[in-house]
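Please keep the sequence and the structure in view while reading.

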There are 2 protein chains.
Amino acid sequence: MRAPQSLSLHALRDIPLVEPGDDLADCLIAALRDSGQVPMDGDILVIAQKIVSKAEGRYVSLDTVTPSERAVELAERLGKDPRHVEVVLSESSEVVKVGPQVIVVAHRLGFVMANAGIDESNISHEKGARVLLLPRDPDASAQALKARLDAAFGVSLGIIIADSFGRPWRNGIVGVAIGAAGVPSVIDEAGVKDLFGRELRVTEVAAADELASAASLLMGQAGQGLPAVLVRGFASPAPPKPASALVRDRARDMFR
Amino acid sequence: MRAPQSLSLHALRDIPLVEPGDDLADCLIAALRDSGQVPMDGDILVIAQKIVSKAEGRYVSLDTVTPSERAVELAERLGKDPRHVEVVLSESSEVVKVGPQVIVVAHRLGFVMANAGIDESNISHEKGARVLLLPRDPDASAQALKARLDAAFGVSLGIIIADSFGRPWRNGIVGVAIGAAGVPSVIDEAGVKDLFGRELRVTEVAAADELASAASLLMGQAGQGLPAVLVRGFASPAPPKPASALVRDRARDMFR
């Protein structure tokens, strides 16, 4: 009997509500120390987008937004707040599809997603209506967190910033990566032989998305205060790639 | 310090190559026994589609296929074997999109996927060119495996039959569920309150797809003989739903 190849995931507890200006790296380091999990080389910390955005102060007060004509028109069709639609459009490079309750856009980061990733759940409205944008540069945010955590623990970690996306054709949202550092977000398996020695034709695996989905099973979708999950045991010889490598080139995308 | 909420995944080793007529349940029971993992109530066994199809003898010899006019025409456009295209079409209820190297179809099971899930990797060609179809009814296959495994171990397990799908807009394939039993494939979170007491607007989580993606991290894409992964620790009070619940109704699908 050989030991099975294993993966383990641990949700960190007691991460406090994050406010703009909070030092998120400090927060995560403290939560890791409290968890009793000693980070090891190759461990991957998956972090919910929401707490990264909050720490970066990516709030927009709707009071400060003047909707464009296009936003007003779309908002009317969708029964939404035109200021909210304006923020969605201003975060986007392209409107891909307008559905009954959603605007699917290409975010300026490249990700095709509903409402430019802007939602209003888990946001306190005490200070008036406001929305929360994605981090300005999630790959850079992941890289900065990696530098801080690596230094604190004397190891080399992977970092993934995860969001939950809907998909065409399938019900339900799943965890996906929007930022990554020290992780092979996309693994190129070109040249890998199958069991019968033929080269595999499917050549790319979206490992960071699969890791984000796995972590999402513990985070829950309701933001129950479990916004960070430590993944241990994912070994890949593939080189690190940022989450931007997950964005399909527009020219190669038959669904745009 | 409280224990973190955890999930663990163990790939079963030494599952032999599966041939038509093999008793897959016996195979999996033996592999579980050999693994030293004693299955517990609520554990979920994720199984690669390929071994389910093989055990069910879902091979089609291309020699026996006469391509239709439409298949010949599509095959010419795509540079594919017209008999292969014919099998894809015969497994499908609708052609959703024809790309440079791929036919995206609605499989008769409802899943929108490339080439009706038919690929030629990890298939021995000793007996002449043949392709492998999806299981005839993956939810029923999962249910039958669940009955056998539950009886063998005296517990109630979840079963997921997993495949790897490409996606619009994003590079790389990810694990998804095409069959499930004893698992809440889709979890309805309508009515769940966010941290500030407002109802969440996103109401469905594709838990079976996230579980399939998680297991896929251990299976690898090259079919290296790790086609079954035991997942422990996924607790959900949601009622079981088959993988067919993951198929978005055509009427509600803005991408068809």
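In chain B, helix H1 (residues 24–35) packs with helix H5 (residues 138–153) at an angle of about 40 degrees, and their axes are 10 Å apart. H1(B) and H5(B) are therefore oblique to each other. The crossing of H1(B) over H5(B) is right-handed. On the H1(B) side, the residues that meet the partner are Leu24(B), Ala25(B), Asp26(B), Leu28(B), Ile29(B), Leu32(B) and Arg33(B), while H5(B) supplies Leu145(B), Arg148(B), Leu149(B), Ala152(B) and Phe153(B). Sorted by class, this contact of H1(B) with H5(B) holds nine nonpolar, no polar and three charged residues.

Before turning to other parts, the confidence of the prediction deserves a word. For the complex, the predictor gives an ipTM of 0.93 and a pTM of 0.94. Chain A has a mean pLDDT of 90, with 89% of its residues at 70 or more.

Within chain A, helix H3 (residues 69–78) and helix H4 (residues 82–90) pack at an angle of about 120 degrees, with their axes 8 Å apart. That angle makes H3(A) oblique to H4(A). The crossing of H3(A) past H4(A) is right-handed. H3(A) contributes Arg70(A), Ala71(A), Val72(A), Leu74(A) and Ala75(A) to the contact, and H4(A) contributes Pro82(A), Val85(A), Glu86(A) and Leu89(A). By class, the contact of H3(A) with H4(A) comprises seven nonpolar, no polar and two charged residues.

In chain A, three strands make up an open sheet in the order E4-E5-E6, and their pairing is antiparallel. Strand E4 (92–98) and strand E6 (112–114) of chain A are the edge strands, each pairing on one side only. From one strand to the next, the twist averages 30 degrees. E4(A) and strand E5 (residues 103–107) of chain A run antiparallel and are joined by five bridges. Within this pairing, Lys97(A) stands opposite Val104(A) of E5(A). H3(A) lies across E4 and E5 of chain A and runs at about 30 degrees to E4(A). H4(A) likewise packs on the sheet and touches E4 and E5 of chain A, but its direction makes about 120 degrees with that of E4(A).

Chain B also has an open sheet of three strands, in the order E4-E5-E6 with antiparallel pairing. Strand E4 (92–98) and strand E6 (112–114) of chain B stand at the edges with a single partner strand each, so one side of each is left without a neighbour in the sheet. The twist from one strand to the next averages 30 degrees. Among the paired residues, Ala106(B) has Val112(B) in E6(B) as its bridge partner. Helix H3 (residues 69–78) of chain B packs on this sheet and touches E4 and E5 of chain B, its direction making about 30 degrees with that of E4(B). Helix H4 (residues 82–90) of chain B also touches E4 and E5 of chain B as it packs on the sheet, with a direction at about 120 degrees to that of E4(B).

The last pair joins the two chains. How are helix H6 of chain A and helix H6 of chain B, both spanning residues 207–219, packed, and at what angle? The angle is about 125 degrees, and the axes lie 8 Å apart. H6(A) and H6(B) are therefore oblique to each other, and their crossing is left-handed. From H6(A), the contact involves Ala207(A), Glu210(A), Leu211(A), Ser213(A), Ala214(A), Ser216(A) and Leu217(A); from H6(B), it involves Ala207(B), Glu210(B), Leu211(B), Ser213(B), Ala214(B), Ser216(B) and Leu217(B). By class, the contact of H6(A) with H6(B) has eight nonpolar, four polar and two charged residues.

Terms used. Residues are numbered from 1 along each chain as its sequence is written. Chains are lettered from A and ligands numbered from 1 in the order in which they are written. This is a predicted model: local features need pLDDT of at least 70, side-chain atom pairs count only at pLDDT 80 or more; totals for chains, interfaces and linings use all residues. Side-chain values use heavy atoms; hydrogens and water are left out. Axes are lines fitted to C-alpha atoms, for helices over the stretch in contact, and angles run from 0 to 180 degrees between N-to-C directions. Helices (H or I, at least four residues) and strands (E, at least two) are DSSP runs, numbered from the N terminus. Angles under 35 degrees count as roughly parallel, over 145 as roughly antiparallel, 65 to 115 as roughly perpendicular and the rest as oblique. A crossing is left-handed if the near helix is turned anticlockwise from the far one by less than a right angle, and right-handed if clockwise. Contact means heavy atoms within 4.5 Å. Ala, Val, Leu, Ile, Met, Phe, Trp, Tyr, Cys and Pro count as nonpolar, Asp, Glu, Lys and Arg as charged, and the others, Gly among them, as polar. Two strands pair if DSSP finds at least two bridges between them. pLDDT is the predictor's confidence in each residue, from 0 to 100.
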